[in-house]
Amino acid sequence: MISSLVGYMARRNFSRVMRFEEGQRPSLPAVSSGEPRLLYLHVPFCERLCPYCSFNRFVFEEGRCREYFSALRKEIRLYKEKGYNFGGVYVGGGTPTLLLDELEETLDLVRRCFSIREVSVETNPNHLVPERLERLSRIGINRLSVGIQSFNDDLLKAMDRYDKYGSGAEIVERLQQAQGRFDTLNADMIFNFPSQDMAMLDRDLDILLDLGVDQVTWYPLMVSDSTRQLVTRTLGAVGKGREKAFYERIRERLGREYRFSSAWCFSRKGTMIDEYIVDYDEYAGLGSGSIGYLDGVCYANTFDLAEYCRRLDRGELPLMAARTFTLEERMRYDFVMKLFSTKLNHSQLMAKYGGHLSPRLWLDLILFRLVGALRYSEPDWRLTKWGCYLWVVIMREFFTAVNNFRDFCRAEGRGADMPLSKIQEQTHE
């Protein structure tokens with residue numbers, strides 16, 4: 001009952017926050033501080049399009065992909081010219097490792113432009129072959145995140161991943177080849193598939209624990225409104241009845257050997273994680289359909305690939321929409337994202353906002369403590385075991401709200417041609 005209520009309230013709040021502003025040309029805020037920031041680069045090309053994915057993505061075409069990388073490097077240079085600096089870079093997609101020469105050239109540019117200390121890149125299991133692994137290691141990638149989702153062959157077939165990315169047994173073999181080549185090898189998993197049962201989940205856990213990978217990120221299945229029909233047709237009707245039981249099993253078994261980097265990320269050592277919203281207060285989103293958050297401004301790039309390239313050819317940032325958060329919205333954003341890492345430093349949050357927090361934020365703290373989700377141990381608020389699951393629910397709704405916005409923008413041409421008000425009207429129906 002409580003988790004359903006928390007999910008409902010989170011859904012309402014995040015839907016409101018994702019309503020971007022109209023009537024003014026979106027722009028980046030001026031660089032105002034030396035706060036650590038992360039650079040997110042989006043590469044929207046895949047060999048196959050998974051039915052549950054709502055990221056801006058397109059079927060891979062080499063010529064189109066090379067043109068895109070060229071435009072992406074132009075965007076990187078524009079951020080350098082505007083005075084931004086970044087401590088880490090995260091390259092996601094899509095599948096960023098499709099063209100390794102383009103990826104290498106782009107990362108070389110990023111290192112020349114900014115004070116990069118850590119590099120994280122996403123990939124798929126079929127790219128874990130010796131020649132590619134050798135080159136990825138030589139490029140200087142610190143963390144390689146592999147999209148696995150499950151080792152169960154039936155689930156992989158339902159996701160249309162089996163033929164292209166390999167069987168469960170083949171994925172295990174490729175992970176073994178990749179181990180030890182990077183500071184961190186992350187296994188990216190999903191739980192709560194409609195046809196998944198506890199035995200299937202336990203088998204996935206057995207495999208991961210036997211492999212001893214450095215890090216496991218295990219998300220609940222998150223289905224946006226417009227992908228729900230496709231997911232139902234390919235994977236089955238999505239429900240939340242078993243979500244908590246699945247999560248508790250994952251937490252129980254991985255918690256014996258891993259520490260919590262976030263409510264759904266488990267690490268053997270301190271390292272960069274998928275949730276850069278935890279490690280960094282601010283992040284710039286570059287690439288078509290990318291979303292960033294800088295100095296209280298949330299913004300989105302155009303989802304139209306051709307428009308993205310055209311605007312960068314003209315020396316313009318490809319911004320499509322932006323929204324300036326109110327002071328209270330910024331506080332609540334920090335509250336949710338920092339607690340996602342399982343703890344929130346109370347003194348640091350107070351200092352950031354001049355010693356004052358909004359009455360609504362204090363009310364949230366009190367309510368979550370009353371329901372047993374939070375405990376205070378100076379100087380931190382910490383999530384309890386129950387609180388960790390509530391934050392999984394909250395973050396599921398956060399990413400679903402973001403995905404809903406993406407879904408109505410990502411088709412080529414739609415982001416450029418459809419008025420923002422129409423996009424948002426459909427997004428929040």
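Me: What makes Asp160 count as partly exposed in this predicted model?
Reply: Its relative accessible area is 35%. Buried means under 20% and exposed means over 50%, with partly exposed in between. Asp160 is therefore partly exposed.

Me: Where does Asp160 lie?
Reply: Asp160 sits in the loop between α5 (153-158) and α6 (162-165).

Me: Which phi does Asp295 have, and where is Asp295 found?
Reply: Asp295 has a positive phi of about 50° and is not a glycine. Asp295 is in the loop between β12 (291-294) and β13 (297-301).

Me: Why is Asp295 called partly exposed?
Reply: The relative accessible area of Asp295 is 27%. The class runs between under 20% for buried and over 50% for exposed. So Asp295 is partly exposed.

Me: How do you know whether Ser358 is buried or exposed?
Reply: Ser358 has 8% relative accessibility. Buried means under 20%. Ser358 therefore counts as buried.

Me: Where is Ser358, and what is Ser358 in contact with?
Reply: Ser358 is placed in the loop between α14 (346-352) and α15 (359-370). Leaving aside neighbours within four places in sequence, Ser358 is in contact with Glu328 and Met331.

Me: Why are α13 and α15 called roughly parallel?
Reply: Helix α13 (residues 327-340) and α15 pack at an angle of about 25°, with their axes 10 Å apart. Angles under 35 degrees count as roughly parallel. α13 and α15 are therefore roughly parallel to each other.

Me: Which residues make the contact of α13 with α15?
Reply: From α13 come Glu328, Met331, Arg332 and Phe335. From α15 come Arg360, Leu361, Asp364, Leu365 and Phe368. By class, five are nonpolar, none polar and four charged.

Me: What makes α2 and α3 roughly parallel?
Reply: The axes of helix α2 (residues 62-81) and α3 come within 10 Å and cross at roughly 5°. The cut-off is under 35 degrees. So α2 and α3 are roughly parallel to each other.

Me: Which residues make that contact, and how do they divide by class?
Reply: α2 brings Arg66, Phe69, Leu72, Arg73, Ile76, Arg77 and Lys80. α3 brings Asp101, Glu102, Leu103, Glu105, Thr106, Leu109, Val110 and Cys113. Seven of the contact residues are nonpolar, one is polar and seven are charged.

Me: How do you know that α8 is roughly parallel to α10?
Reply: The axes of helix α8 (residues 198-211) and helix α10 (residues 243-254) come within 11 Å and cross at roughly 25°. Under 35 degrees counts as roughly parallel. That makes α8 roughly parallel to α10. Their crossing is right-handed.

Me: Which residues join α8 and α10?
Reply: Met198, Leu201, Asp202, Leu205, Asp206 and Leu209 of α8 meet Ala245, Phe246, Arg249, Ile250, Arg253 and Leu254 of α10. They divide into eight nonpolar, no polar and four charged.

Me: Which residues have the most contacts inside the largest nonpolar core?
Reply: They are Tyr79, Trp218 and Trp391, in a core of 140 residues. Helix α16 (residues 385-407) gives the most to this core, with 12 residues.

Me: Why is Arg396 called buried?
Reply: Arg396 has 6% relative accessibility. The limit for buried is under 20%. Arg396 therefore counts as buried. Arg396 is found in helix α16.

Me: What does Arg396 touch?
Reply: Beyond residues up to four places away in sequence, Arg396 touches Pro220, Met222, Lys240, Glu243, Trp264 and Tyr389. Arg396 and Pro220 are 176 residues apart in sequence and 7.1 Å apart in space, C-alpha to C-alpha.

Me: Where are Gly94 and Pro379 placed?
Reply: Gly94 is in the loop between β4 (88-93) and α3 (100-113). Pro379 is in the loop between β16 (374-377) and β17 (380-383).

Conventions:
Residues numbered from 1 in each chain as written. Predicted model: local features only at pLDDT ≥ 70, side-chain atom pairs only at ≥ 80, totals over all residues. Heavy atoms only, no water. Axes fitted to C-alpha atoms, helices over the stretch in contact; angles between N-to-C directions. Helix = DSSP H or I, 4+ residues; strand = E, 2+ residues; numbered from the N terminus. Parallel < 35°, antiparallel > 145°, perpendicular 65-115°, else oblique. Left-handed = near helix turned anticlockwise from the far one by under 90°. Contact = heavy atoms within 4.5 Å. Nonpolar A, V, L, I, M, F, W, Y, C, P; charged D, E, K, R; others polar. Core = buried A, V, L, I, M, F, W, Y, C linked by side-chain atoms within 4.5 Å. Buried < 20%, exposed > 50% of the residue type's maximum accessible area, 1.4 Å probe, protein only.
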